[in-house]
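Me: Please go through the interface in this model with me, one question at a time.

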Amino acid sequence: MNIKNLTIISAVAFLTACGGGGGGDAETSPAPTQAVAPTVTAVTPAPTSTPQVTTPAATTQVSKTSDLKADDDFTFTSSYQVSVSVNRNSQESAYLNICREFKSSPTGYSVNYDSCVLQTTLEDGKFAGEITLTNDINELIVSVWLFTGNDPIHQVWDRAVEGDQIVVN
Amino acid sequence: MFRFFSLLAVAALCSPAFGSSFTACPNEAFLVQDQPAKLYGVDLSTGSYTQLAEDMGTVGKLNAISFNFHDRFLYAWDYEDDSIARIGTDYQVELLPIKNRPNSDFYVGDIALEENTYYVYRRGSANHHGLFRISLDPNSADYLEAIRISNGQNLRYNIYDFAFHPDNNLLYSVASNGLLIEMSPETGATRELGKTGLNGTFGAIYFDVEGNLYASRNKDGLIFRLNPLASDVTAVEFAQGPSSSNNDGARCAYAPVVINEASKADFGDAPDTYGTSLGENGPRHGDTNNSLFLGAIVDRENQAYLSPESDDAVGEADEDGISFVTTLEAGKPAIIQVQVQGEGYLNGWIDFNQNGRFDDSEQITRDQSVTTGTHNLIIDVPSTLVAGNTWSRFRLSSNTGVGANGGVPDGEVEDHEVLLSSSTDTTVYYPSVKGFVTLAFEDLWPSVGDYDMNDLVVHYRTATQISGDTVTGVNLSGQMLAIGATFHNGFAIDLPGVPREAVDQSSIEFVINGVTQKVNPLEEGQTNAVFVVTQDIWNHVSPAEACSFYRTESNCGDSNVQASYSITFRFNTPQPLALFEDRLFNPFIFATEGFERNSIFSEPPGRKLEIHLKNKKPTDLADPALLGRADDFSNPDSENYYQNANGLPWAVEIGTEWKHPGEYIDLIEAYPDFSNWVTSKGKSHQNWYLLEKAVKPKLYREGKD
């Protein structure tokens with residue numbers, strides 16, 4: 001641990017007075033469209049080798065994690081919830097997959113079933129539930145399989161268009 | 001000792017070739033077929049073969065072929081000229097006239113290992129047939145002279161080849177009725193060693209250096225293996241080789257049967273109870289023309305990489321042909337998608353009863369004819385399965401009748417671990433079936449850390465099994481990815497609000513590195529269900545040579561991920577779905593008992609020191625008195641936990657299989673967008689953790705530059 005302690009001391013010694021950014025405002029829950037297409041002003045990175053003390057906080061790039069400030073309830077986790085609602089007009093026995101990775105080609109979609117977030121049987125064509133996605137995921141593929149050996153029916157969900165809900169009819 | 005000496009002798013013989021003898025003791029077997037004779041090289045491990053010579057310079061047949069360890073030529077009986085044929089690396093016949101030549105052709109022959117002498121055998125008449133010895137030593141007085149040891153009427157067995165054992169200078173063969181025969185070359189006296197369980201014409205008999213006998217059956221080309229000196233001489237099917245009505249084989253008995261560089265094979269990677277390694281006669285697919293495989297790619301190895309190692313991790317990631325479209329639920333149909341390149345036959349097994357073997361009754365598809373493209377396989381999952389993680393095996397080959405074990409000349413095998421469920425309608429995965437999120441901990445708590453966020457890096461996944469509005473079972477799995485600290489930490493997962501008594505303890509399946517653990521991971525003394533993955537992560541990993549830590553210091557040596565974990569369990573009473581809305585649950589680290597910690601602790605704090613994600617509650621076993629010490633600003637009254645005065649955490653959850661910073665590299669240096677994500681309160685730069693957002697030189701890199 002001596003080495004680590006030494007490093008912390010040196011990190012403290014090199015701390016610069018780049019003020020922390022943000023903090024203060026009460027957090028509002030993000031609307032889906034905001035999250036998908038954030039209109040964030042580009043932040044000009046300050047050269048890390050030449051610390052500046054006069055830059056206004058609003059445009060400051062914090063260079064040390066220890067200089068950041070976060071709200072008490074900001075949990076440093078990376079997920080959000082999406083609701084799933086399936087209402088098929090069919091009594092056929094069916095199976096539903098919702099997956100993260102897929103490719104489209106002229107012959108249809110190919111899905112990586114190792115990337116699924118939900119797998120469920122469809123009782124009477126109906127399902128309702130919630131899935132949890134990591135923040136980098138904005139698109140999913142929904143596949144409805146019938147136990148016939150035929151290829152499934154696919155539907156792509158785009159968060160920017162449909163928001164935090166997946167509806168399959 | 002003799003074998004050791006012999007191997008040294010082989011090494012000595014590997015000096016530059018003279019004339020046209022072979023330069024070493026070849027691993028492959030030689031097979032001569034047809035008239036005029038053609039020569040093939042056979043890889044006994046897979047049965048794959050290549051034609052070595054279309055024209056051997058004789059119009060007749062060759063038989064009784066044998067590899068001479070003493071001069072490293074092949075010898076055979078030449079039917080056209082009633083002579084001995086000597087064959088070198090040009091595969092052309094050189095005729096050697098025989099003195100006192102018997103008036104017969106011979107199709108059974110081998111050359112002794114202790115003397116340079118060719119033995120040929122034929123049952124029949126007293127005048128023409130018999131067991132003969134012919135010296136191949138040019139310095140011997142009886143060089144190339146046929147000397148009868150026993151007349152043909154005295155020979156009892158219909159055999160079609162024999163071979164010398166590498167250790168005992170006795171001859172062995174499998175008769176057409178399946179009896180294993182041992183024969184003395186000095187007298188021709190025979191002994192029956194037992195039933196091999198086979199029948200047919202075994203036109204080629206070989207040995208390897210381990211003393212295993214290989215018998216190749218003419219009608220179907222199947223190669224069987226047995227140990228003639230074992231108490232049980234029952235043969236097992238070992239590989240599918242070429243078939244022929246006229247078939248004779250030879251090989252250097254001092255060579256091991258191995259997968260060599262020139263003839264790699266595709267292996268499975270299930271645990272060896274399933275028969276996966278070469279020693280356990282695991283599935284092997286040779287490399288005849290590489291035009292038949294599962295998925296988009298196949299690669300071939302020198303050996304099986306048994307779970308928790310994986311075929312994907314060695315060479316190309318080629319386990320890409322099988323997709324489980326549905327979960328495998330007892331008594332329900334399931335869909336498996338199979339991607340095929342080429343034309344062949346598909347066979348598949350799932351170990352539904354979890355006995356560690358693929359039983360005949362567990363075959364889910366048999367010799368299904370498939371062509372290039374995607375095939376949707378619908379199977380019926382038995383209602384009597386044993387729930388939990390198990391293994392499946394899929395084999396594609398141009399041969400039919402391929403079992404779960406043994407070699408075949410072409411195609412591919414893929415082994416996949418799968419989860420069997422008893423009564424589940426829905427499974428939700430976070431982040432996905434095979435994906436992981438990353439948990440990164442700083443372990444100096446309650447003192448502030450250095451924010452390289454690599455004191456402990458864990459890959460983490462949860463799978464929640466749902467039936468209606470209840471949860472019936474959970475799987476928690478992941479990998480210990482990196483340790484950038486010398487503190488000793490345990491790792492555990494708390495299920496908030498889920499009572500400990502609700503867990504069906506008989507259902508718990510706890511596996512580390514593919515090995516089932518005896519210890520019960522469900523921690524005692526807790527109200528909630530808390531699962532301890534390990535009391536000390538250092539027990540499961542070790543730093544690479546010249547490294548102080550585990551996978552955090554760049555360029556100080558190779559160190560693969562060494563520790564994977566999986567805990568699967570069901571509830572004895574289904575639990576309300578509302579308790580499982582946060583699919584991350586509450587993973588945390590704790591101080592290992594008996595190890596020193598921060599200087600603020602006068603004695604090792606042990607289990608009562610826990611470090612959680614921000615605002616996740618400590619468990620019953622944490623000491624609340626530690627909250628708020630040093631830099632910690634936890635405030636239970638406002639449900640604020642594990643944060644400092646600036647609201648910064650000691651642990652973060654990252655939505656991908658994260659490439660963590662190198663040792664002492666600040667998180668922002670490696671991932672500059674992290675700063676904007678935090679200052680925007682998570683509204684922007686939400687994908688700050690992706691590799692394309694990283695300053696790559698600041699990340700931990702495996703291996704050496």
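**Interface of chain B and chain A**

Reply: The model is predicted. The area buried between chain B and chain A is about 5,700 Å², and carbon and sulfur atoms give 56% of that area.

Me: How many residues does each chain bring to the contact?

Reply: The contact draws on both chains. Chain A gives 65 residues, and chain B gives 72 residues.

Me: Which salt bridge can be named, and at what N to O distance?

Reply: The count between chain B and chain A is 2 salt bridges. One of them joins the side chains of A:Asp71 and B:Lys681. Its N to O distance lies within the 4 Å cut-off, at 3.9 Å.

Me: How many residue pairs are in polar contact, both at pLDDT 80 or more?

Reply: A pair of N or O atoms must lie within 3.5 Å to count. Across the interface of chain B and chain A, the number of such residue pairs is 27.

Me: Which element supplies the largest share of the side of chain B that touches chain A?

Reply: Several elements of chain B each supply at least two residues, including strand S26 (333–341), strand S29 (373–380) and helix H3 (673–679). By class, that side holds 32 nonpolar, 25 polar and 15 charged residues. The largest share is 6 residues, and it comes from H3(B).

Me: Which residue of S33(B) stands opposite A:Thr120?

Reply: Strand S5 (residues 116–122) of chain A runs antiparallel to S33(B), with 3 bridges joining the two. In S33(B), the residue opposite A:Thr120 is B:Thr426.

Key. Residues numbered from 1 in each chain as written. Chains lettered and ligands numbered in written order. Predicted model: local features only at pLDDT ≥ 70, side-chain atom pairs only at ≥ 80, totals over all residues. Heavy atoms only, no water. Contact = heavy atoms within 4.5 Å. Buried area = accessible area lost by both parts, 1.4 Å probe. Polar contact = N/O pair within 3.5 Å; in protein donor to acceptor, adjacent residues only side chain to side chain. Helix = DSSP H or I, 4+ residues; strand = E, 2+ residues; numbered from the N terminus. Nonpolar A, V, L, I, M, F, W, Y, C, P; charged D, E, K, R; others polar. Pairing = 2+ DSSP bridges.
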